[in-house]
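Here are my notes on the model you sent over.

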Amino acid sequence: MNKTMLGVIDATKYIDALEPLTINRCIAAIPFAGRYRLIDFVLSNMVNSGIESVAIFPKYQYRSLMDHLGSGKNWDLNRKRDGLFFFPSPDLNMPYDHIGAFEHFEQHVDYFLRSKQKYALICNSYTVCNIDYQMVLKRHIENECDITEIRHQGKSLEMFILETSLLLDLIINRNETRYMSIVDVVRDHRHQLKICDYEYCGYVAVIDSIDNYFAHSMELLHPMIWKQLFDKLRPIYTKVKDEPPTKYTGEAVVKNSMIANGCMIEGHVENSIIFRAVKVGKGTVIKNSIIMQKSQIGENCELDCVIIDKDVKVENGVTLRGTARQPFVIRKGTVQGALMNL
Amino acid sequence: MLKKKCVAMLLAGGKGSRLSSLTKNLAKPAVPFGGKYRIIDFTLSNCTNSGIDTVGVLTQYQPLVLNSYIGIGSAWDLDRRNGGVTVLPPYAESSEVKWYTGTASAIYQNLNYIEQYAPEYVLILSGDHIYKMNYSKMLDYHIEKNADVTISVIEVPWSEASRFGIMNTNENMEILQFEEKPANPKNNLASMGIYIFNWSILKEYLEMDSRNPESSHDFGKDVIPLLLEEKKRLVAYPFRGYWKDVGTVKSLWEANMDLLKEDCELNLFDHSWRIYSVNPNQPPQYIAHDAIVTESLINEGCVIEGTVEHSVLFQGVHIGKGSIVKDSVVMPDAVVGENVYIEKAIVPSNIEIPNGTIIRPEQSFDEIILVTKELLEKQEPERMSSGE
């Protein structure tokens, strides 16, 4: 039995509710969990499930995504045979924003025509979990399904398995069938296709608004949850940075926090997620916050319920506060002075 | 092969027997250091940062981990189409197997590796030291001084000079005499085991040395004295900065502790001189609610539930609840159970320390404890009697 799969990551979607994190980047490239980008989870799951050919369909602001993925080496996808493919949408005005829009796939239909893999797995880029797609495929084959949709507590995770030949049929005949995306097919009942559900029971975080970005980030501080997401046998890969280990000085106080490499911690950090190469100055207290890569927090600052994007400089003595329901988001690359938010 | 100006030869075959059980299954250059690195990362990163892209790594003793760690050199950007890193183990010739009997013989056996790049200069390095150095500056100095051989030296305290190979120089830094561990040192400039040779001189003298049955085929003992005898132009290159031979358990521990100083001379956070290594790709470290972490260097994948004070923790280390780790080095994936007390120790990779274990130096000794399975077994009765 041929169990090979193509991995297709649809990264075309734009979600307004994720602004301002998406001002300079697509959703797939949003930093998450201290050192990753959202796409790392789906991509690592694919690789850990034995998928050797992955096609990424981006649309908006994909510079940071391309920079992150490079040749695919960090995911072991820099292959002579198969590997990582990048298929940007040539037309920004296509109105289809359902995941798995056939119009996007049609632009690069050669990829599907040339691939020998019998099955295709289509996923969005912003569902965070640690799932074995081989288990899903096994069920798909056993139950003789035409399309399997992966769900979690009844909610669609926008992950679908189908035969590559069926996908090609749907792409080519979209104007006759009027099914414009895989979602259209799954939601409609007027066809003869057998649609199956696969319930995934592990931890899932779907990141589609700032509020749930913040809430799901905070969930990672529960050992029961990060242990599920960071399974040692099924690692999540990301672009490596050669940062040194994190240094804590004599004044550092750190509680219930996730801290990436290359940081210099001189202050107080509690219930927070600190990305790579962040500096936390003396006398500063950070609580319930997310500080992204290379941001520098000065001395004697007070931060509570804030999300600080990359490369932000917070000057000495600044106080920034949000609430758990409405975290205060600081945009990438900005400087926060002491008198700015009075 | 395209011609290269300078080829580096990195001697990495050392056994490091004074590192005791740490080098039982591991060549010394592969010993973990600084929370994330292996000793050899410093020399390989220096090469890359100095613009040297052709490095032969000579391995012999316990090479498995070292070889797989170096791989094709991509971690140091040394996976090159022309040049790059090449691991050079000893090999058999039609008549006999030629082990590397000394540092000079190791290079001699690989003259044909160097030959194919037809370099002007050969940089000889040792994979045993922790330091950051720009070799291209040393090469400029070598050319400027019109030297046949340049030897990098560092000033050591006079009181310790008798532990090193000492270069006696004139005011122009020309080397007049080399003394290995002199009882009454005349100078305090110690050789760092870093040499730049003009390729023609190196080739000539290594061939000469190989024909000498009396020679121990060592650069310091045989080749350098021979060059001095023949009045070749040997020049000392003074290096200032952090340099440490981590040849003993104590010096390995000390060098790790040096990294915890506020004004550490060896800055790992310097972006302009990155120390590269094979990244373990583990999730960020998790510091639990009741943990206390101060004055420490902690790598990714660690889970800290106890107290870590003035220590260096490598990737994937777990410190259990109620445990205290103080002034110690904990190597990758070691698991420290609950209510453990560790002070002034090196905990090797993958070891599991049972709940309630107490490891601390006896007051009368200034010794660093290297934790071993045997040591933990001896601890067993003590743990039982403490009423755990």
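1. Some ground rules. Helices (H or I, at least four residues) and strands (E, at least two) are DSSP runs, numbered from the N terminus. This is a predicted model, in which local features need pLDDT of at least 70 and side-chain atom pairs count only at pLDDT 80 or more, while totals for chains, interfaces and linings use all residues. Residues are numbered from 1 along each chain as its sequence is written, chains are lettered from A and ligands numbered from 1 in the order in which they are written, and side-chain values use heavy atoms, with hydrogens and water left out.

2. Which residues of helix 5 of chain A are buried? They are Tyr133(A), Val136(A), Leu137(A), His140(A) and Ile141(A), where buried means under 20% relative accessible area (1.4 Å probe, protein chains only). They span an arc of only 135° around the axis, so they fall on the same side of helix 5 of chain A; the arc is that of the directions from the helix axis to the C-beta atoms. An α-helix has 3.6 residues a turn, so residues three or four places apart point the same way.

3. What do they pack against? The buried residues of helix 5 of chain A pack against strand 1 (5–11), helix 1 (38–48), strand 6 (119–124), strand 8, strand 9 (155–163) and strand 10 of chain A. Contact here means heavy atoms within 4.5 Å.

4. On to the cysteines. Searching the whole structure turns up one disulfide over all chains, a disulfide being a pair of cysteine sulfur atoms within 2.5 Å. Cys145(A) and Cys196(A) are joined, S to S 2.0 Å. Cys145(A) lies in the loop between helix 5 (133–142) and strand 8 (147–152) of chain A and Cys196(A) in strand 10 (residues 195–199) of chain A, so the pair ties together parts 51 residues apart in sequence. The torsion about their S-S bond is about -100°, so the disulfide is left-handed.

5. Both partners are tucked away: Cys145(A) is buried at a relative accessible area of 9%, and Cys196(A) is buried at 10%. Cys301(A), in no disulfide, has its nearest cysteine sulfur, that of Cys263(A), 16 Å away. Cys301(A) is buried too, with a relative accessible area of 0%.

Technical notes: Buried < 20%, exposed > 50% of the residue type's maximum accessible area, 1.4 Å probe, protein only.
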